[in-house]
Amino acid sequence: MTVTKADAPVTTASNDPAGTGEPVGSARSERLSALVQQHGALAVLVIVSLVASLSFDSFATGDNVSNMATSSAFLAIVALGMTFVIITGGIDLSVGSLFALGGVLAAWGSRHGTLVALLLPLAVCGLIGVVNGLLVARSRLAPFIVTLAAMLGARGLLLAITDEGADTFLIGKGSLLAELGQGTTLGLGNPVWITLALFVAGAVVLRRTRFGQHVYAVGGNEDAAALMGAPVARTKILVYTLSGLLAGLAGALNAAWLASGVTILGNGMELEAISAVVIGGTLLTGGLGYVSGSLVGVLLLKVIQNVINQIGSLDSSYQQVVSGAFLAVVVIAQTWLGRRRQLM
Amino acid sequence: MAPPAEVLAVRGLSKSFPGVRALDDVDLTLHAGEVHALIGENGAGKSTLIKLLTGVYRPDAGEITFQGHAVSFGTPLEAQKAGISTIYQEVNLIPLLSVARNLFLGREPRNRFGVLDLARMNREAEDTLRGYGVQVDVRRPLRTLGVGAQQMVGLARAVATDARVVIMDEPTSSLEPREVETLFSVIRRLRDAGIAVVYVSHRLDELYAVCSTVTVLRDGRRVHHGSLADLDRLALVSTMLGRDLGEVREEGLTKFTGDHQSAGSEPVLDAADLTVPHKLHGVSLSIRPGEVVGLGGLLGSGRTETAKAISGALPVRSGRVTVAGVPLRGGSAPAAIRAGISLLPEDRKSEGIVPGLSVRENIALAVLPRLSRFGLVSEARVDSVVDTFMKRLRIKASSPHQKVGELSGGNQQKVLLARWLAMNPKVLLLDEPTRGIDVGAKAEVQKLVDELAADGLGVLLISSDLEELIEGSDRVVVLKDGAVVGELTGDDVTEERLMRTIAGDTLAEPVKEVTSDG
């Protein structure tokens, strides 16, 4: 070996590739980890569903499946918006309140026609989403605090509208809105179809549009995204707006399904949605996630809930224990996979 | 051919921050096809100038003319759209996104429905990257690429945006020599295409290899500009430092005096058979008081791991560490600190300084428990410790209450050093103490290492800079694949011997037992 320069190039020479156990794993284990992270929840869902249908005769019946699907739909729509927010590295705690507010506004508005019943909750919840987004993006406040404030504020607004919950607004039978919530198409409830359509649209937006790219970029590395010219503030405002809109829509559909606006709904729904998103493989730290995963996460939570109901002898309170334990297991697994893949 | 057109002209640019005049009346002219070296010590104003050119900051005074028009960029995006692209020292891409998506972020090819055309995007990404010597599956997440390849993606991205001016801020700091060559060929291609390049680097070799013109900044002012060929290395360094040419020549480029008196033969630190699965295979070394022991080897040879294992930051499977004859329980950083071992980590940003805290708080961080009584901190004692070390290490800050994040790299490093010196250590482990800091600060840190050894500390010095390692160390222990492959002492401590040992040339030195499981 000869030395040609004073500042020998050896100084920057690379790792010896033969060195064992270098941090970045082999391509295969990397792909495997990625696969588990993306589809692990789906595998668990399939297994749990199989076991349940073998164990309980009443599980895999048309009625039960259709019920589960419809009751999943509302949470799924909320979780869709939450997925966008979490991928940007944020969090939206206001969705539970907005869900209830959307329902009450839809029921109240249904007296003035279906159009008002749908547009009113979207307008109000969307506006609250815009405010969330503006405060997070422009004022650089922590999403946790901003949306916590919105959660409390929306709950208060709800109580004001309903005279502290004393007034309950009903949705007339046979109206278009009631049909939207209660009717079925091809054996599945209309909310299920609306949810599926929203998820397909959501997947396309997230993976195949510039806005979607910006969502990932902002969550992946905000500073770099800004330097690369991504509109960071606009992206954040949009995801919180989207989350608000979807929460309002889910609430409106839910009210249509129940034929009334119920004020006590949506308590803790934000946490359920966050659980579903995380179980679905989206990183709570942002930058990585899939809408399909969130759908699977919602289904998994609902199936577990259903199974516990099927057992009957088990107090339904325990379903929260199981859901909680399940979430813990998923987060542990995700963290482990993430460390393996050096995401965190 | 007409003389190359002026692409960018900067006149009288000034920018101040609270308490600092970061840039003072600076001019800069760039012509098409010019590769312009922008140099200066840290804190000279290079970063500020770049940030003004790219719309990160707004100037207080002065004007920027780009392609004949006065411009004022409000954001990096506006500058980028106008045709001024920047690649930064650290890769500024999105690690979790795919290579292709990173390359095209914000200008993705779309079909007529406004949906991304992934097939075309991936194909074009592959074609583009091939020109930069990167051949990978572009659908892979960016972070699965090596740092060099990531840097190339960043470069490809910067150039692909129809840039007229490309600014490169220390682009080679994480590249391998082969990748540096690729980078240079890309720069020459840009030059031939009539693009103006601003090249910022501390590595003089690189400047002379690719740059034609130079601007030297010092203390926010332009102190020299012109053809680079007219300025030899020594003149360049002395202009940059603002020191007399003769003085630089006399003292050499490093500040080390060389030999140290190692008092007594009892080692202050004795590490034996340190083994960490996959990383270290029975590494042993000892340091006597007043001795500077260098740790040589390539990147990934286990240098950092050795330092971390000694300091308890990395759990060892087996091995012993003895400090001044007292055995240390392994794998416990607090125990190591109590025993008198201090580690100055390689990555000062993530493992050392707390940028949001003041100089005073950063220095006092580790020593606080010793300055407290019943859990209450004695402010007076903290002040006196902070004052002592700020003076002793010549830390340049507007006051002890200035945030460390606002200091230059060299001063940040000194703050870290102060933090550990305040602990009154017996052994100091320095992992790349001068990386990423400018020549002047480097010399100061080197001088400090000398002084500390003279005070009787045992110092372990890890450096990728061979010159620094050789001039600074009394002995050099050479690692390869996590095992000691040789030790150079006395007159054998030369660059050539070191390289031979690293390369595994047994003629250099009777090589100690080489483990085969590495």
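This is a predicted model: local features need pLDDT of at least 70, side-chain atom pairs count only at pLDDT 80 or more; totals for chains, interfaces and linings use all residues.
Trainee: How many helices and strands does chain A have?
Mentor: Chain A has 13 helices and 2 strands, where helices (H or I, at least four residues) and strands (E, at least two) are DSSP runs numbered from the N terminus. Of its 344 residues, 48% count as buried, a residue being buried if 20 or more other C-beta atoms lie within 10 Å of its own, exposed if 12 or fewer, and partly exposed in between, with C-beta atoms placed from the backbone.

Trainee: And what share of the chain A contacts joins residues at least 24 apart?
Mentor: Among contacts in chain A between residues at least 6 apart in sequence, that share is 77%; two residues are in contact if their C-beta atoms, placed from the backbone, lie within 7 Å.

Trainee: Is H8(A) buried or exposed, and what covers it?
Mentor: Helix H8 of chain A (residues 210-220) has 10 of its 11 residues buried, so it is largely enclosed by the rest of the structure. Among the buried ones are Arg210(A), His214(A), Tyr216(A) and Gly220(A). The cover includes helices H2 (62-87), H7 (190-208), H9 (222-227) and H10 (232-258) of chain A, together with helix H3 (99-104) of chain B.

Trainee: H2(A) again; at what angle does it cross H12(A)?
Mentor: The axes of H2(A) and helix H12 (residues 291-311) of chain A come within 9 Å and cross at roughly 140 degrees, with axes being lines fitted to C-alpha atoms, for helices over the stretch in contact, and angles running from 0 to 180 degrees between N-to-C directions. That makes H2(A) oblique to H12(A), since angles under 35 degrees count as roughly parallel, over 145 as roughly antiparallel, 65 to 115 as roughly perpendicular and the rest as oblique.

Trainee: Which residues make the contact?
Mentor: On H2(A) they include Met68(A), Leu75(A) and Leu80(A), and on H12(A) they include Leu295(A), Val298(A) and Lys302(A). The contact residues divide into 10 nonpolar, 6 polar and 1 charged; Ala, Val, Leu, Ile, Met, Phe, Trp, Tyr, Cys and Pro count as nonpolar, Asp, Glu, Lys and Arg as charged, and the others, Gly among them, as polar.

Trainee: Over to chain B, then; what is its secondary structure?
Mentor: Chain B comes to 18 helices and 22 strands, and buried residues make up 50% of its 518 residues.

Trainee: In what order do the strands of the open sheet run?
Mentor: The 6 strands are ordered E6-E7-E8-E3-E9-E10 in chain B, with mixed pairing; two strands pair if DSSP finds at least two bridges between them. Strands E6 (84-87) and E10 (221-227) of chain B stand at the edges with a single partner strand each, so one side of each is left without a neighbour in the sheet. The twist averages 15 degrees from one strand to the next.

Trainee: Which helices pack on that sheet?
Mentor: Helix H1 (residues 46-53) of chain B touches E3, E6, E7, E8 and E9, and its direction makes about 150 degrees with that of E7(B). Helix H6 (residues 177-192) of chain B lies across E3, E7 and E8, running at about 145 degrees to E8(B). E7(B) and E8(B) themselves pair in the parallel sense over 5 bridges, and Asp169(B) has Val200(B) as its bridge partner.

Trainee: Where does E20(B) sit, and is it covered or open?
Mentor: Strand E20 of chain B (residues 458-462) is mostly covered, with 5 of its 5 residues buried. Gly458(B), Leu460(B) and Ile462(B) lie on one side, and Val459(B) and Leu461(B) on the other.

Trainee: Which strands does it pair with?
Mentor: E20(B) pairs in the parallel sense with strand E13 (residues 292-296) of chain B over 4 bridges and with strand E19 (residues 427-431) of chain B over 5 bridges. Val293(B) stands opposite Leu460(B), while Leu428(B) has Val459(B) as its bridge partner.

Conventions
Residues are numbered from 1 along each chain as its sequence is written. Chains are lettered from A and ligands numbered from 1 in the order in which they are written.
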